[in-house]
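Subject: Structure handover

Hello,

Here is the structure you are taking over. My notes on it follow below.

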Amino acid sequence: MHAVSISGTGVFTPEQTISNAELVAAFNAYADRQNALHADEIERGEREPIPQSDEGFIVKASGIESRYVLDKTGTLDPEIMHPVLPERSDDELSVMAEMALKAATVALEKSGRTAADIDAVICAASNHERAYPAIAIEVQQALGINGFAFDMNVACSSATFGIQAAADMIRSGSARAILMVNPEICSAHLEWRDRDCHFIFGDVCTAVVLERADLATAPGRFEIVSTRCLTQFSNNIRNNNGFLRRTREGHMQDRRDMLFRQEGRKVFKQVVPIVIDLILGHLADEDLKPGDLERLWLHQANKGMNDMIGARVLGRTPEKGEQPNILQDYANTSSAGSIIAFSKYSDDLEPGALGVICSFGAGYSAGSVIVRKAA
């Protein structure tokens, strides 16, 4: 069995941003239009008016201040309220593959590897823009990688599950090095017309190069000590879109359940203890204590969740830098969030330092990766 290292990471960040102020202005314009359009029904008590959003509500509920998106024009248009991405022909590179290539190029450079060194590609994301052929195989071809590739989806836990899948293959000897990419176009599966969630998501792509530790040479690499995954079924985060949609009368219409929806309070209450138990149990099984950790790179969904998880795991309020948050700038980027935090806030650690990359979300699903900074 081979030891495994994370030898490089990369982040592709879109150029466009939407501030909370811009988002609130667009949403409130939409709400005003809808309330005026249905004024008679609202007056008769047959319809509830759409409440206004505000910046204070967003920051208090999530800690999010801004987000990066592939397209802000359509999203901020009260008559559209979703990104507008031009259709590409079957012969053109897909949007997700294009994002993945940009993040992968950075990760490969940091790892000191080229396409010739990679044996497999995993595209792990919460949504894929088509059913097949796999985005991962498209990325494989675009980079000129031999071997194999496949897509996988475990919602917001896709990256940590992808790391475990890649690590297991490298440990067993079926691959020497694997590129995992997480292209997340969350803006396209978010209902921007829903006040309770219109602020949650942003777009980004991350990439991770994993390889046999005995072959890794890149400075700043991390050895994977252990991986752990957990799932528990729940309907509290759900998206019902799928290919069976056209088989059911009325389902081709604009339906709310065909986009992201969640019971936020239930998710908070139920997921936090699952994640705390996962991390603490994982550490205990490796004969490690919370005090051995120097960093927690958590899924970036909600600042309140991260603060509580960090405090419960460490047994105290995390000191500045111990549990870095990036969601104030990126918002929730699904599977990519913990990898952004890891990529941006890991270089300063000394050799031997221990940390945990952890993601959690729909499923429910949760993944924990214990890493140690290599000498």
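Two strands are counted as paired if DSSP finds at least two bridges between them. Helices (H or I, at least four residues) and strands (E, at least two) are DSSP runs, numbered from the N terminus. The model is predicted: local features need pLDDT of at least 70, side-chain atom pairs count only at pLDDT 80 or more, and totals for chains, interfaces and linings use all residues. Residues are numbered from 1 along each chain as its sequence is written, and side-chain values use heavy atoms, with hydrogens and water left out.

The sheet

β11 and β12 (residues 354-361) run parallel and are joined by five bridges. In this pair, L293 stands opposite L354 of β12. Both strands belong to an open sheet of nine strands with mixed pairing, in the order β5-β4-β6-β7-β1-β8-β13-β12-β11. β5 (148-152) and β11 (293-298) each have a single partner strand, so one side of each is left without a neighbour in the sheet. On average, neighbouring strands of the sheet are turned by 25° against each other, direction ignored. Axes here are lines fitted to C-alpha atoms, for helices over the stretch in contact, and angles run from 0 to 180 degrees between N-to-C directions.

The helices

Helix α5 (residues 135-143) lies across β4 (120-124), β5 and β6 (177-185), and runs at about 145° to β5. The axes of α7 and α8 (residues 303-314) come within 10 Å and cross at roughly 35°. Contact means heavy atoms within 4.5 Å. On the α7 side, the residues in contact include V267, F268, V271 and V272, and on the α8 side they include G304, M305, M308 and R312. The residues of this contact divide into twelve nonpolar, one polar and one charged. Ala, Val, Leu, Ile, Met, Phe, Trp, Tyr, Cys and Pro count as nonpolar, Asp, Glu, Lys and Arg as charged, and the others, Gly among them, as polar.

The cavity

A cavity is a set of points on a 1 Å grid over the protein atoms alone where a 1.4 Å probe fits but cannot get out; lining residues have an atom within 4 Å of a point. The structure holds one cavity of 30 Å³ or more. Grid points are joined across faces, edges and corners, and the volume is the space filled by probe spheres set on the points. Its lining is V271, I274, V275, F360, G361, Y364, S365 and A366. α7 (264-285) gives three residues, the largest share. By class, the lining has six nonpolar, two polar and no charged residues.

Regards

Key:
On a 1 Å grid over the protein atoms alone, a cavity is a set of points where a 1.4 Å probe fits but cannot get out, and a pocket is an open set with protein on both sides within 12 Å along at least five of seven lines; lining residues have an atom within 4 Å of a point.
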